[in-house]
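Q: Could you walk me through this structure, starting with the words I will need?

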Amino acid sequence: MPKPGKTKFQIDLRRHLREHYVNENLTHLICEIAEASKYIIHSISTGDLGVAGTSNLYGEQQLELDVLADRIMRKRLDHSRVVANMMSEEMDEIIPVSPDCDGKYSVAFDPLDGSSLVDVNLAVGTIVSIFEGCDLLQPGRRQVAAVYILYGPRTTLVYSVGKGVHEFGMNMLREYTLLQENIMIKPQGNLYSPGGQRNLYTPGVEAFVTKLEKRGVKLRYSGGFVPDINQILLKGQGIFFYPHLQNMPEGKLRLLFELSPMAYLIEQAGGAASDGRKPILDLLPTQIHERSPVFIGCKKDVAMAEEMIRKFENDKESGVNKNS
Ligand code: AHG
Ligand code: MN
Ligand code: MN
């Protein structure tokens with residue numbers, strides 16, 4: 001049932017996009033992504049959990065499901081007639097779909113984020129970033145839309161075209177109908193999702209976590225980026241971070257199809273997303289598989305992370321004893 005105060009009849013995704021004056025091609029594209037998710041759900045619940053015997057350009061072993069979900073998305077985007085270029089976590093390079101850019105969109109996507117969680121039956125998702133025209137190597141602030149689908153106990157879709165963040169649920173007829181509009185998150189929260197290994201955190205990040213824990217903030221980490229971000233959005237508070245580690249200065253998550261779309265959604269909901277120093281959405285990617293550290297969620301908590309990182313960086317540079 002829609003949240004109290006919602007209209008009695010169900011507003012479906014296409015109608016919501018039209019009522020927000022989203023242009024026809026972008027409406028079609030977002031609805032095609034929603035359609036693809038129905039086949040991805042089917043592959044998750046029935047597909048082979050094995051390894052595909054191939055690896056992606058990160059050298060990560062691809063699961064059958066990664067490859068299958070990627071194929072489903074590619075086919076849908078290929079046939080949509082509104083895509084110029086596309087790339088995904090599972091592709092080695094950008095795939096050109098149409099030579100002309102006018103009225104078309106370029107799409108970067110993670111077809112199945114957290115895929116290794118499927119065999120332990122935890123929630124996973126699809127993440128999509130959409131730019132106008134042909135260029136995917138732009139700062140995330142130039143996205144025209146971001147979408148994610150969460151395959152959890154319920155299947156939900158969250159999107160923004162820059163006019164607020166809206167959540168849809170998949171009903172018995174496998175249609176996405178509106179659950180809530182204009183989701184906003186508070187300036188400060190009481191949950192945190194710490195990615196990576198604590199023993200590899202830098203002093204600034206360690207000090208940030210200690211401050212959070214002194215405040216009595218609760219740890220909530222599923223290992224899936226989509227459910228972990230969705231929790232922050234729907235609870236209206238919290239911070240997720242996958243920081244720079246002593247052995248991974250760039251962190252783990254990928255800018256084009258994980259961080260940029262989620263940063264776009266979280267900023268639209270009144271939150272912030274930083275690489276520890278500057279907004280994720282202002283980063284200019286130089287290559288399609290670029291990684292970045294990320295602190296994303298409540299504005300004040302992100303600012304506190306940046307402050308602690310800056311403080312310890314300055315102490316290190318000025319040689320101040322870091323235990324002070
Ligand atoms: P993917 O399955 O697409 O490679 O992404 C997994 C990511 C993301 O979902 C999650 O936040 C992160 O990996 C978890 O990493 P750790 O297992 O190192 O915590
Ligand atoms: Mn991923
Ligand atoms: Mn993935």
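A: A residue is called buried under 20% relative accessible area, exposed over 50%, and partly exposed in between, using a 1.4 Å probe and protein chains only. This is a predicted model, in which local features need pLDDT of at least 70 and side-chain atom pairs count only at pLDDT 80 or more, while totals for chains, interfaces and linings use all residues. Residues are numbered from 1 along each chain as its sequence is written, chains are lettered from A and ligands numbered from 1 in the order in which they are written, and side-chain values use heavy atoms, with hydrogens and water left out.

Q: Okay, so which residues hold the manganese ion (ligand 2)?
A: Asp110 (OD), Asp113 (OD) and Glu258 (OE) coordinate the manganese ion (ligand 2) at 1.8 to 2.0 Å. Donors here are N, O and S atoms within 2.8 Å of the metal (3.2 Å for Na, K and Ca), and sites may look incomplete because water is not among the atoms. Along the sequence, the spacing of these donor residues is D-x2-D-x144-E.

Q: Are Asp110 and Asp113 buried or exposed?
A: Both Asp110 and Asp113 are buried.

Q: And what coordinates the manganese ion (ligand 3)?
A: Its donors are Glu89 (OE), Asp110 (OD) and Leu112 (O), at 2.2 to 2.6 Å, and they follow the spacing E-x20-D-x1-L along the chain. Asp110 coordinates both the manganese ion (ligand 3) and the manganese ion (ligand 2), which are 3.6 Å apart.

Q: What does α6 lie across?
A: Helix α6 lies across β14 and β15, running at about 30° to β15. For such angles, axes are lines fitted to C-alpha atoms, for helices over the stretch in contact (heavy atoms within 4.5 Å), and the angles run from 0 to 180 degrees between N-to-C directions.

Q: In what order do the strands of that open sheet come?
A: Five strands form it in the order β12-β11-β13-β15-β14, with mixed pairing, where two strands pair if DSSP finds at least two bridges between them. At the edges are β12 (218-219) and β14 (272-274), each of which pairs on one side only.

Q: How do β11 and β13 pair?
A: Strand β11 (residues 191-194) and strand β13 (residues 239-242) pair in the parallel sense over three bridges, and Tyr192 has Ile239 in β13 as its bridge partner. Helix α4 (residues 203-214) packs on the sheet, touching β11, β13 and β15 (294-297), and its direction makes about 155° with that of β13.

Q: New topic: which residues other than glycine have a positive phi?
A: Tyr21 is one of them, with phi near 55°, and Arg174 is another, at about 65°. Most residues other than glycine have a negative phi. Tyr21 lies in the loop between α1 (13-19) and α2 (24-46), while Arg174 sits in the loop between β9 (166-170) and β10 (176-180).

Q: Why does Tyr21 count as exposed?
A: Tyr21 counts as exposed because its relative accessibility is 73%, whereas Arg174, with a relative accessible area of 36%, is partly exposed.

Note on methods:
Helix = DSSP H or I, 4+ residues; strand = E, 2+ residues; numbered from the N terminus.
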